[in-house]
Amino acid sequence: MMLKPSHHVIVGLEIGTTKICAVVGRLQAEGVLNVVGVGQCRSRGVRKGEIVDFKAATEDIRRALAEAEDMANLEIKSVFLGVTGAHVAGFNNRGRVHLPHGEREITESDVQEVVRNARTLNLPAGRDVLHLIRQHFIVDGRSGVTKPVEMEGEQLELDVHVVHGMTSRLQLPIKAARSLQIDVEEVVFNGIASSLAVLSNQEKDLGALVIDLGAGVTEYAVYSERVVKHTGVIAVGGDHVTNDLAYGLKVPMSRAEALKIEHGSALMAPEVRGRTLRLPSETGLPDRTVNLEHLHRIMSLRLEETFQIIAEDLERTGLLDYLRAGVVLCGGGSRVPGIHRLAERVFGLPASTGRTRAISGLVATLDQPEFATGIGLVRFGSFHLGRTRRNTGLASRIARTLGGIFQTS
Ligand SMILES: Nc1ncnc2c1ncn2[C@@H]1O[C@H](COP(=O)(O)OP(=O)(O)OP(=O)(O)O)[C@@H](O)[C@H]1O
Ligand SMILES: [Mg+2]
């Protein structure tokens with residue numbers, strides 16, 4: 001018999017380009033988060049992180065959820081839904097209120113007003129806020145204030161990081177979940193979710209850049225002084241690497257993908273110079289060989305370019321100098337041998353693979369870099385449990401109104 005989900009059950013759903021992944025977490029009384037189930041399905045209806053074939057994607061989601069339900073032995077009613085795509089973007093905004101009577105203590109209602117003010121954004125039409133993340137308060141020009149209540153001042157400001165996306169494109173994954181009678185509790189940018197899975201509080205304090213190298217998209221998030229300072233996404237991922245290999249080595253996509261996984265490298269090591277690989281012959285075609293150095297060159301060029309796009313974006317923000325915990329990689333692309341050394345070279349920072357160990361009870365197969373988003377969604381859910389269970393129905397509100405509905409702060 002299936003158990004009814006208790007309100008301590010949190011499900012993360014990533015509708016990825018290569019896999020749909022549902023992770024079931026259970027929040028124990030002591031606040032410990034246990035992963036009790038996972039379901040996975042090969043994804044057929046997603047390109048560059050967005051649904052392109054609604055029917056196929058919905059069917060795959062259904063299968064992943066059913067598998068997760070079986071393993072966790074409960075019925076999934078709602079999910080924290082990961083979203084991504086080239087349309088998602090982040091920027092920083094500042095809210096400001098002048099305190100009316102000169103020098104007096106700041107109150108809770110002043111704080112609420114400055115939050116409202118920071119939320120007043122000039123987003124282009126057709127866009128919605130996904131996250132409004134508080135960074136820090138500023139009281140009479142003094143920055144870095146975390147709790148302004150009871151301080152004295154004449155002006156209260158709040159810096160926030162805003163993640164937004166195109167409403168029409170955010171609706172599709174919600175619609176897919178709802179068509180399966182699954183409520184969406186909250187919509188979460190995959191880059192934020194992954195960072196929650198792989199970063200410790202200490203790393204967030206020291207400053208870190210998390211890069212999730214997926215198949216269709218690469219998301220990134222920058223933390224410093226424990227808060228999100230910057231987010232971004234580029235519509236380039238492992239599929240592009242495979243594509244480049246298929247084109248450059250003149251092999252079919254399926255063979256290029258296999259070559260990438262079995263013989264790939266993000267660096268060009270001198271020892272591979274002149275080495276070749278013999279490919280098993282395909283029906284009716286003569287035997288072929290592939291130059292390993294060529295293979296590595298194609299991969300390293302694409303991966304280096306991907307990192308460089310991110311590095312250039314970060315250079316504009318001036319944040320690169322504040323990342324004392326370095327670069328943390330996750331996503332399937334972080335499995336490419338040599339990828340850390342390449343990241344170290346491009347960013348001039350130490351790089352490592354993110355571990356999702358911060359959650360206990362991990363099903364062994366889940367402690368892999370491509371599950372960072374799914375696990376991070378569960379983690380996000382655990383942070384927002386109290387709040388979201390009160391209001392719920394985000395997806396139904398989306399259906400009714402198309403504006404300003406994703407705020408999470
Ligand atoms: N050992 C490996 N070497 C190289 N690439 C790998 C390896 N393992 C997985 N990948 C690549 O990782 C990608 C899949 O990663 P992941 O599961 O994180 O993507 P996704 O979440 O489905 O996609 P996205 O987040 O872009 O929507 C694929 O491009 C795959 O080729
Ligand atoms: Mg992904």
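A pocket is an open set of points on a 1 Å grid over the protein atoms alone, with protein on both sides within 12 Å along at least five of seven lines. The space taken by ligand 1 is the largest pocket. This is a predicted model, in which local features need pLDDT of at least 70, side-chain atom pairs count only at pLDDT 80 or more, and totals for chains, interfaces and linings use all residues. Residues are numbered from 1 along each chain as its sequence is written, and side-chain values use heavy atoms, without hydrogens and water.

**The shell**
- Around ligand 1 stand 21 residues, each with a heavy atom within 4 Å.
- Thr17, Thr18, Gly216, Glu257 and Lys260 come nearest.
- By class, ten residues of the shell are polar, seven charged and four nonpolar.

**Polar contacts (N or O pairs within 3.5 Å)**
- Thr17 places a polar side-chain atom 2.6 Å from an oxygen atom of ligand 1.
- For Lys260, a side-chain N or O atom lies 2.6 Å from an oxygen atom of ligand 1.
- Val217 uses a polar backbone atom, 2.9 Å from a ligand 1 oxygen atom.
- On its own, ligand 1 has 650 Å² of accessible area (Shrake-Rupley method, 1.4 Å probe), and the protein covers 91% of that.

**Where the shell comes from**
- Helices H6 (238-249) and H7 (253-263) each supply at least two shell residues; helices are DSSP runs (H or I) of at least four residues.
- H7 gives the most, with three residues.
- Domain 1 (9-86 + 167-199 + 356-400) and domain 3 (201-354) each contribute at least three residues.

Note on methods:
Chains lettered and ligands numbered in written order. Polar contact = N/O pair within 3.5 Å; in protein donor to acceptor, adjacent residues only side chain to side chain. 1 Å grid on protein atoms, 1.4 Å probe; cavity = no way out; pocket = protein on both sides within 12 Å on 5 of 7 lines; lining within 4 Å. Sits in = over half its atoms within 2 Å of the grid points. Nonpolar A, V, L, I, M, F, W, Y, C, P; charged D, E, K, R; others polar. Domains from an automatic or database assignment.
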